[in-house]
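Biologist: Hello! Could you walk me through a few spots in this structure, one question at a time?

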Amino acid sequence: MPLPKPPSKRAALLSTEDYENQAQPKPARRMTKAQAPAEAALPAVMETFDPPSPGAAVAELAPPAPAGARPAAPTVATAPAAPQARRRARPAGDGRPKLFVLDTNVLMHDPTSLFRFEEQDVYLPMITLEELDNHKRGMSEVSRNARQVSRDLDALVATESTFSPKEGIALSATGHKGAGGKLFFQTELMDVQLPAGLPEGKADNQILGVVRALRDQRQDREVVLVSKDINMRIKARALGLPAEDYQNDKTLDDADLLYTGVLPLPADFWDRHGKTMESWQQGGHTFYRISGPMVPALLINQFVYLEIPGAASLYARVTEITGRHAVLKTLREYTHQKNAVWGVTARNREQNFALNLLMDPECDFITLTGTAGTGKTLMTLAAGLAQVMDERRYSEIIVTRVTVPVGEDIGFLPGTEEEKMSPWMGALDDNLEVLARSDNAAGEWGRAATNDLVRSKIKIKSLNFMRGRTFLNKYVIIDEAQNLTPKQMKTLITRAGPGTKIVCLGNLAQIDTPYLTEGSSGLTYAVDRFKGWPHSGHVTLARGERSRLADFASDVL
């Protein structure tokens with residue numbers, strides 16, 4: 001059905017007969033010579049129109065309406081430049097460039113935060129510099145970060161021979177190419193207007209006053225406060241000031257998206273891959289070479305399983321990925337007593353996966369996460385003793401953890417480094433007691449001798465003295481790793497020398513370090529960065545095996 005004739009006058013309406021004669025839209029056909037001049041002439045006619053006045057309406061051809069549909073009202077035709085304006089992407093927010101005012105705790109939490117705002121500008125109030133100066137003394141992590149920020153600011157200021165406070169300093173001047181914005185300092189006293197209930201002598205309130213004054217002075221900018229202090233952000237929003245948390249330290253926005261290391265296979269796995277699959281046996285293991293659409297979703301050392309009622313189950317690990325092909329290797333069954341590790345057997349699927357990683361000499365870095373009572377420490381310690389005492393693969397076991405108390409700090413502890421760390425290593429003593437009970441044939445004297453020998457092979461070290469050390473042929477256990485920052489995690493992992501295995505254990509639901517969340521924890525950072533590396537592995541343990549009381553408490557409390 002041909003299209004109705006184009007309008008000959010401005011604001012002309014199509015007749016009702018033209019709407020009723022139109023059928024359902026049909027596939028477009030090649031344009032005929034008779035139609036080409038008529039349709040091509042339409043834009044030329046519209047170009048001769050003068051821009052419509054605000055109240056004028058210009059008719060625009062509407063697409064054919066379905067049969068029986070109510071005729072649509074004519075729409076207003078805009079100028080030729082209007083479609084380009086609609087296609088232009090709007091910036092985030094209200095369209096104005098942002099100016100981020102940094103709270104002191106952001107700089108002390110991440111000393112590189114100055115260079116992590118991409119093309120946006122950064123503003124530092126003078127009270128922020130005063131607080132940095134107050135916190136620069138000491139040997140704590142906060143003091144080191146404050147000194148690092150001061151050095152970065154000094155290097156930025158030194159790049160400008162004639163420093164102009166109004167023009168700012170390019171944040172990329174010291175080599176940080178990812179920072180495209182500028183740094184501005186507060187150089188003059190601002191007229192701060194805050195509610196009478198807020199004391200002006202407090203540093204947080206002074207920063208809020210600077211944000212409020214900036215918002216009034218710089219109408220062309222969207223001024224945003226960035227702070228790690230929740231109460232600071234609440235007060236800012238109560239005063240009508242935009243405030244945000246510092247997000248660049250978070251590896252993941254949602255902890256549920258964290259890599260688990262385990263992937264269930266679809267029920268039709270054998271039907272879809274059986275015809276093109278290659279299989280062979282080597283060293284007591286069965287290997288399967290598969291190809292198909294699921295290969296891009298696999299990672300090296302990722303565990304896959306297939307459990308179908310009435311059929312044999314498959315438990316395997318991805319050992320090789322080359323192009324469109326992946327190789328799966330069946331696992332050693334540690335759930336059987338004949339494969340017990342220092343008297344410990346796996347009680348569920350994820351524990352079997354974890355023991356396969358812990359006993360693999362090719363895996364240098366392993367992370368285990370899970371709720372309380374899933375067996376992380378017991379399996380790690382049993383695997384370490386088996387490889388140190390029986391297989392002589394490592395010379396000794398080194399255990400460390402961050403000393404963050406759950407409640408009030410009890411103060412200084414007497415004794416040597418190991419004696420000071422012993423109250424923090426109650427989990428180690430509990431698991432050694434469980435492992436000692438498994439040896440029933442040795443008798444009381446034999447168990448006592450074994451305990452003394454085991455104790456001589458386990459060294460407890462403090463996290464505070466790890467800088468500059470190198471571990472050669474050691475089995476290192478980092479317990480409660482969820483309380484580590486990404487910087488501390490990097491410090492520990494880079495201590496590994498030849499022949500060393502590092503195992504990180506933690507429960508992301510039990511973070512005690514201030515300003516750390518599940519998304520910004522060093523354990524989350526390590527799991528996300530090491531996934532897919534051929535010499536690392538990760539397993540999230542899902543089922544608790546401590547007791548029915550502990551399992552129920554983990555679910556309901």
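Biologist: Leaving aside its neighbours within four places in sequence, which residues is S313 in contact with?

Modeller: Contact here means heavy atoms within 4.5 Å. Once neighbours within four places in sequence are set aside, the contacts of S313 are L306 and E307.

Biologist: Before we go on, what kind of model is this?

Modeller: Residues are numbered from 1 along each chain as its sequence is written, and side-chain values use heavy atoms, with hydrogens and water left out. Local features need pLDDT of at least 70, side-chain atom pairs count only at pLDDT 80 or more, and totals for chains, interfaces and linings use all residues, as this is a model that is predicted.

Biologist: Is S313 buried or exposed, or something in between?

Modeller: S313 sits in the loop between β10 (303-306) and β11 (314-322); strands are DSSP runs of E with at least two residues, helices are runs of H or I with at least four, and both are numbered from the N terminus. Buried means under 20% relative accessible area, exposed over 50%, and partly exposed in between, with a 1.4 Å probe and protein chains only. S313 has 41% relative accessibility, so it counts as partly exposed.

Biologist: Now the strands: which residue of β4 does V122 stand opposite?

Modeller: Strands β2 (residues 121-124) and β4 (residues 182-185) run parallel and are joined by three bridges. Two strands pair if DSSP finds at least two bridges between them. In β4, the residue opposite V122 is L183.

Biologist: How are helices α15 and α16 oriented to each other?

Modeller: The axes of α15 (residues 486-493) and α16 (residues 522-530) come within 8 Å and cross at roughly 60 degrees. Axes are lines fitted to C-alpha atoms, for helices over the stretch in contact, and angles run from 0 to 180 degrees between N-to-C directions. Angles under 35 degrees count as roughly parallel, over 145 as roughly antiparallel, 65 to 115 as roughly perpendicular and the rest as oblique. Therefore α15 and α16 are oblique.

Biologist: Which residues of α16 do P486, M489 and I493 meet?

Modeller: P486, M489 and I493 belong to α15. Their partners in α16 are G522, L523, Y525, A526 and F530.

Biologist: What is the orientation of α7 and α8 to each other?

Modeller: The axes of α7 (residues 203-217) and α8 (residues 230-238) come within 11 Å and cross at roughly 40 degrees. These two helices are therefore oblique.
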